[in-house]
Amino acid sequence: MEEQIREIVNRLTLQEKASLCSGEDYWHTKAIERLGLPSVMLTDGPHGLRKQKQSKDFSGGSYEATCFPTASCLAASWDRDLLRRVGEALGEECLQEDVGVLLGPGANIKRSPLCGRNFEYFSEDPFLSGELAGALIQGVQSKGVGTSLKHFAVNNQESNRMTIDAFVDERAMREIYLAGFERAVKKAGPRTVMCAYNKVNGTYASQNRLLLTQILREEWGYDGVVVSDWGAVSDRVAALKAGLDLEMPGVFPENDQAIVDAVRSGELDESVLDEAVARLIKLILQYMANKADGYRFDREAHHRLAVEAACEGAVLLKNEDGILPLKKGMRIALIGEFAKHPRYQGAGSSMVNPWRLDNAYDQAMTLPNASDITYARGYDIRTDAPDRQLIEEACNAAKAADVAVILAGLTDDYESEGFDRIHMRMPPAHNVLIAEVARANPNVVVVLCNGAPVEMPWIGSAKAVLELYLSGQGGGTALWKLLYGKANPCGKLAETFPEKLEDCPATAWFPMGPKGVEYRESIYVGYRFYDKAGVKPLFPFGHGLSYTSFAYSDLVIEPEKTDENGILNISFRIRNTGSMAGKEIVQVYVRDVESTIFRPDKELKEFAKISLEPGEEKEVRFRLDRRAFAFYDTHSKSWQVESGEFEILVGASSRDIRLSGRVRIEGTGEVDPAVWDKREPLPSYYHPKPGCNIPKQEFDALYGKPVVHPPIHRKGTFTPDSTINEIRQVLAGRIFYRILAAAARRMNRDTDEKTLRMIMQSLDEAPLRQLNQNTGGRIGKKMIEGLVLLCNGKRLKGLAKMLSR
Ligand code: BGC
C-alpha cells in the first residue's frame with residue numbers, strides 16, 4: 001500500500017493536498033474525484049452509532065442504532081473479550097451505515113467524579129482504561145472500520161473545555177493521563193487519534209508537538225491519522241506542523257488556503273504536508289478496501305449483546321442478609337419512574353437513537369411472576385423536588401410487598417457533555433424516597449442508574465445496592481436477570497465511590513478556570529490517593545460482590561528476583577466456593593515497598609475475569625514486565641525502576657487483598673536515585689493527607705516553574721480564541737450574544753432538550769473561531785475577525801471587515 005500511497009500523493013496538486021486536511025462538512029472528509037478518492041464519514045461513537053441524517057450539524061436527528069451500555073458500565077465488566085465483541089458489533093453497524101471511522105472510544109481519566117462526561121470514559125486507572133479501550137478498538141477495527149481514540153489529552157472536565165489550560169506535572173501526565181492512551185495505541189493501533197480541545201501546559205492539544213508528534217508518533221510509534229476534536233483547531237498551520245493531519249469539521253476554506261500559502265512562502269515544509277496527506281490517503285484506502293455495500297447487521301444479536309454487556313457491567317455494591325437474588329414467590333414493589341422511563345445513556349455527541357429500548361417495568365410484566373410485581377412511580381423525572389403523594393404511594397406499595405426495588409440515580413439534567421456536575425448528590429426526590437420507603441419496609445434494594453459516582457446518605461438503610469450504570473437499550477432486561485439470579489452480578493468498580501465529594505483529591509481544583517486548571521494532586525488520582533492518604537471510600541476501586549464466593553490460594557512468584565529484562569511470572573489458584581456459577585475479577589497490584597521517589601500505595605498492573613462453576617478451581621497466570629514496576633523519571637525522560645523490594649498483591653478489590661508476596665527487582669542503575677529524592681521540597685506529595693491540601697508553592701516546585709494562568713481576554717486583547725463569555729464584557733459582545741443565542745434556539749428548535757442545553761452551555765464557553773461550526777456555516781472567518789475588531793473598540797475597521805465577507 002505504501003507505494004500506492006506515495007504515487008497518489010505525487011499526483012495531487014498542492015491545493016488538493018491542503019483540501020484533504022479538512023472536512024467537507026460536519027462529518028465527511030473531502031473527495032478527490034479526479035483520482036477516485038471518495039470522502040469518508042467519521043461519526044460518533046462511542047457506545048453506539050450516531051449517524052446524523054443531515055451532514056451539517058447536530059440537527060435533524062440520527063438513524064437508529066443499537067445503544068450499548070456507556071463506557072462506565074462497560075468498564076465495570078473488566079472484560080476485554082466483551083469489549084472486543086461490543087467493538088465488533090459497533091464495527092458491523094458502521095459497515096451497514098457506510099461509516100469509515102467511529103469516533104471513540106474515550107480514554108480520558110476520571111480525575112473527579114464530577115466530570116460531566118465521565119459516563120463516556122472508562123476508569124480512574126490508566127492500565128484498565130488502556131486495556132479496555134484497546135480491546136474495543138480491536139473489535140471495531142477487526143471489521144475493517146476505523147476508530148478514533150479520544151480526547152488526546154488531559155481533557156478531564158467539561159467546564160471551559162474548549163479553552164482551558166490544564167497544568168499537569170510531567171510525571172502525572174505520563175503515569176496517569178497519557179498511560180492509558182499509550183497502552184491502547186500500542187496494543188490496538190487505532191486508525192485515528194482525536195486531539196482534545198483544551199490546552200496542555202500552555203499549548204492547545206491541537207498544536208502540541210510534544211503530544212502529537214514527539215510522544216504519540218516518535219515514542220509510541222503511532223502511524224495513523226490525528227484528527228482534531230470538532231472545532232479544536234486555533235492556528236491551522238501551527239497544528240499541521242505539530243502533527244495534526246485532519247481538521248474537523250471543515251468549516252473555513254481559508255484554512256486550506258493558509259496551508260497552501262504557508263508552503264508557497266516557505267513557512268511550511270511541503271514534506272510535512274505530504275506526510276499528513278499520506279496518512280489520510282491510507283485512511284481513505286482502508287475505507288475503500290473494507291466498504292461493504294448492502295451489508296446488514298443482525299439487530300437481534302446486537303440487542304442480546306447489549307443485554308449481556310449490561311449484565312456484565314452491573315456491580316453489586318452491597319447485599320446484606322443475602323437479600324439478592326430475589327426468591328421465588330416474593331411480592332415485589334417496583335418503585336421509581338426510571339422503571340418506565342429508563343436512564344440508559346448520557347447526553348451530548350454520544351447520544352444514540354436506539355432501535356429498541358427495554359424498560360424495567362415492561363420487562364417485569366413479561367415475567368412468569370408478573371402478578372407479584374406492583375409499580376409505584378416514586379418521583380417525577382422532570383423535577384428534583386420530592387413529591388409527597390408519589391412517596392406515599394411508594395411507601396404503601398412497599399408495605400404491601402416483601403421487597404421494595406427502587407430505581408434511582410441521576411436524571412438527564414445531571415450528566416452531559418458540555419458541563420460538569422456541581423455536586424455528587426442524587427436528586428433530593430430520589431434520596432428522600434429511598435429513606436422513606438426503607439422506613440416502610442426495611443427490605444430495600446436500590447438499583448442505581450447513573451454514569452458516575454453519587455453520595456449515598458441512605459446506604460445504611462438499603463439492604464442491597466446494585467449499580468446498573470447507564471446500561472444501554474438492554475438494561476431493563478438485564479436488571480431482572482440480575483435480580484433473580486439468572487445472571488450472577490460480576491462487575492467491579494472501575495472507579496472509587498468516595499463517601500463525599502470533599503474526600504476526592506481533585507475537588508479543590510476542579511474545574512477551576514476560567515482560563516487554567518491545576519492538577520495539584522498530581523499522580524494521586526482515585527485509589528492512588530485514597531489508599532495513600534488513608535481515606536476510607538464508600539466503595540473502593542475494584543469492589544463488587546457476587547451471589548457466590550471465591551477463595552484465592554497458592555500464590556507463586558517466579559523468579560524470586562528479576563534481572564534487567566526480567567519478566568515476573570505470577571500464578572495463583574482461584575476456587576468458586578459457593579453454590580452458583582459466577583465470575584471473579586482478579587486484580588494484581590504492585591507496591592514499591594520503599595522508594596526514593598513518592599509513589600502511590602499500590603497500582604493496578606494486571607487483571608482477568610475468571611468464570612467458575614460451583615466448586616471449580618482454576619489456575620490464573622500473569623506476566624509482569626519491567627514497566628509494571630517503573631515510574632516516569634523526569635530527569636532522564638524515561639521509565640525507570642528503582643532497585644528494591646516490591647510487593648505483589650492479588651486481590652478481589654484494591655482494598656481486599658487476598659494474597660501477597662515479595663520480590664526484589666533490580667533497577668536499571670542508569671540514574672543515581674539521589675536525584676529522585678524530593679522529600680524536602682515536596683513533603684505533601686510524600687505524605688498526602690485527607691483533604692489533599694497541596695500548597696501552591698509545592699505544586700510549582702513539582703511542576704518545575706510557577707504556574708501562571710492565562711489572563712482573561714479584555715477589550716483590546718480579544719482574538720478569535722476569545723470566548724463568547726469574554727466578549728460579553730463589552731456592549732458589542734453583549735448585543736452579538738443576544739442575537740446569537742436567539743438564533744441558536746431557533747436553529748435547534750427540533751433538537752431535544754438535553755442536547756439543546758449542551759449546545760447553549762457550549763455556546764458561552766466556545767471560542768469565537770467556533771462560531772462557524774456552531775452556526776452551521778452562517779458565520780465565516782471575515783465576520784469573526786470583524787467581530788473581534790469591533791469588540792476591541794475598532795468599530796469602523798470591524799464593520800468594514802464584516803461587510804467585506
Ligand atoms: C466531542 C467529540 C465528538 C465530536 C463530534 C465533540 O464536541 O468532544 O467527542 O466526537 O464532537 O461529535
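Predicted model: local features only at pLDDT ≥ 70, side-chain atom pairs only at ≥ 80, totals over all residues.
An angle over 145 degrees counts as roughly antiparallel.

Val445 stands opposite Ala464 in S16. In a regular strand, side chains alternate between the two faces of the sheet.

The protein chain is divided into domain 1 (12-42 + 202-211 + 222-291), domain 2 (300-522), domain 3 (548-677) and domain 4 (724-803). The centres of domain 1 and domain 4, taken over C-alpha atoms, are separated by 26 Å. Between these two domains, 12 residues of domain 1 are in contact with 7 residues of domain 4.

A further region carries a record-based label. The unreviewed UniProt entry annotates residues 584-654 as "domain: Fibronectin type III-like". Over residues 584-654 the chain is 61% strand and 0% helix, and the end C-alpha atoms lie 14 Å apart. Strand S26 (residues 644-653) is joined to strand S27 (residues 656-665) by 9 bridges, and the two strands run antiparallel. They form a hairpin, with 2 residues between S26 and S27. One of the pairings links Phe646 to Val663, its bridge partner in S27.

The final topic is a pair of helices. Two packed helices are described by the angle between their axes and the distance between the axes. For helix H23 (residues 781-791) and helix H24 (residues 795-803), the packing angle is about 170° and the axes are 7 Å apart. H23 and H24 are therefore roughly antiparallel to each other. On the H23 side, the contact is made by Lys782, Met783, Glu785, Gly786, Leu787, Leu789 and Leu790. H24 contributes Arg795, Lys797, Gly798, Leu799, Lys801 and Met802. By class, the contact of H23 with H24 comprises 6 nonpolar, 2 polar and 5 charged residues.

Conventions
Residues numbered from 1 in each chain as written. Heavy atoms only, no water. UniProt positions renumbered as here; feature names shortened; annotations may be inferred. Helix = DSSP H or I, 4+ residues; strand = E, 2+ residues; numbered from the N terminus. Pairing = 2+ DSSP bridges. Axes fitted to C-alpha atoms, helices over the stretch in contact; angles between N-to-C directions. Parallel < 35°, antiparallel > 145°, perpendicular 65-115°, else oblique. Contact = heavy atoms within 4.5 Å. Nonpolar A, V, L, I, M, F, W, Y, C, P; charged D, E, K, R; others polar. Domains from an automatic or database assignment.
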